[in-house]
Every structure is written in structure tokens, then in C-alpha cells.
Amino acid sequence: MSDMSIISAILVVVVAFLAGLEGILDQFQFHQPLVACTLIGAATGNLTAGIMLGGSLQMIALAWANIGAAVAPDAALASVAAAIILVKGGNFTTEGIGVATATAIPLAVAGLFLTMLVRTASVALVHAADKAAEAETSLVLNVHTTSPSFFQGLRIAVPAALLLAIPA
């Protein structure tokens, strides 16, 4: 992390966590590429590059949609990872943004696999929450109902932290 301060790295992981939450909650749109890349660009001092990458990825993500049971590629992981790769690479030209954009596409598919794992694990937590509701234990119920969202946030934050730890 020689090119990025610890504060910037922490802010990037926080943005990644919020993007992971929003990939499921869809409340504040932190998972949208334009928002996530811009926030990571701002956190690392590369706001213009973040906006340019976010705009490029947003144009691609406009075509991604859930259709029936098919889930769209994961814009949260694609946005966060591509922004980190762009910032760590340090090439803020059109070529560098193109490389980060091209890297985002397979990462979006990898994000589908991660969300499938988290959603599968969430089923067990929901069943445990049902049992806690029957037993009228509100603390256990609260833990079991909020844990799946927390894991969705970690689904993006952990890969982001790993990307930050890898040298450029």
C-alpha cells in the first residue's frame, strides 16, 4: 500500500462494504458503478479517474438486468475491484480506464458466484430466525435476520481488502 494511505484504504473498504449491502438492498444505489467508482476515486484522491471509470462501467451495467430467476452480473464487485485496479495501476489515461473496464466484466461474473454462496448460507440463517421467532428470543432473531446483509457487505469488502493488499 505504498501508493495509498491507510485512511484511503479504510475508506475504500467501507465503500466496498456499502456497495455489497446495496447490491441486495437497492436503497441508496452505492452498488451502481458511477457511485461506487466515484466514491473510491474520491477516497483515493483520483476523483476524475473514478468518475470516468464509473461512467464507462455504468453504460455497460445499464444492460444488466434480472430476468426471471436469472440474476444479473454483480455490478458492486465489478465497480469496486475495477476502481481499485485502476487506482493501484496509476494509469489514468483512456487506455488504463479501458483495461480496468475490461477487467470488470469477468469480476462481475465472479461476483455472481460469491452472491450465490452468501444467499445459500442465508437460507440456514433464515430458518434459524424462524426458530428464534417461535421461541420468542428477539436478540437471536435480530442477529439471524441482519447477518445475511452483513455477509453481503463482506462479499465485496473482503475481495477489496485483498486487492488493496496485493502490490501493484
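Read from the N terminus, the elements of the chain are α-α-α-α-α-α, which amounts to six helices and zero strands. The model is a predicted one. The radius of gyration of the chain is 17 Å, close to the 15 Å that the globule rule gives for 168 residues, so the chain is as compact as a globular protein of that length. Along the principal axes, the C-alpha atoms fill a box of roughly 60 × 40 × 25 Å. Of the 168 residues, 38% count as buried.

**Helix α4 and its ends**

Helix α4 covers residues 75–89, and its 15 residues reach 21 Å from the first C-alpha to the last, close to the 21 Å expected at 1.5 Å a residue. The helix is mostly covered, with 13 of its 15 residues buried. Just after α4 comes G90, with a positive phi of about 75 degrees.

**The salt bridge**

The count of salt bridges comes to one. The partners are D74 and R155, whose closest N and O atoms are 2.5 Å apart. This pair links distant parts of the chain, 81 residues apart: D74 is in the loop between α3 (47–61) and α4, while R155 belongs to helix α6 (residues 138–165). D74 has a relative accessible area of 9%, and because this is under 20%, D74 is buried. R155 is buried as well, at 6% relative accessibility.

**Other positions**

G111 lies in helix α5 (residues 94–134) and counts as buried, at 0% relative accessibility. G111 and P33 are 78 residues apart in sequence, with 14 Å between their C-alpha atoms.

On the surface, I6, I10, V14 and L18 form a nonpolar patch, and together they have about 340 Å² of accessible area. I6 lies in helix α1 (residues 6–25). At a relative accessible area of 55%, I6 is exposed. An α-helix has 3.6 residues a turn, so residues three or four places apart point the same way.

The accessibility values given for single residues are collected below.

| Residue | Relative accessible area | Class |
|---|---|---|
| I6 | 55% | exposed |
| G111 | 0% | buried |
| R155 | 6% | buried |

Note on methods. Residues are numbered from 1 along each chain as its sequence is written. This is a predicted model: local features need pLDDT of at least 70, side-chain atom pairs count only at pLDDT 80 or more; totals for chains, interfaces and linings use all residues. Side-chain values use heavy atoms; hydrogens and water are left out. Patches are made of residues with over 30% relative accessible area and no salt bridge: like charges are joined within 9 Å, nonpolar side chains (Val, Leu, Ile, Met, Phe, Trp, Tyr) within 5 Å. Accessible areas come from the Shrake-Rupley method with a 1.4 Å probe; for residues, only the protein chains shown count as cover. A salt bridge is a side-chain nitrogen of Lys or Arg within 4 Å of a carboxyl oxygen of Asp or Glu. Helices (H or I, at least four residues) and strands (E, at least two) are DSSP runs, numbered from the N terminus. Buried means under 20% relative accessible area, exposed over 50%, partly exposed in between (1.4 Å probe, protein chains only). The expected span of a helix is 1.5 Å times one less than its number of residues. The radius of gyration is taken over C-alpha atoms; the globule rule is 2.2 Å times the number of residues to the power 0.38.
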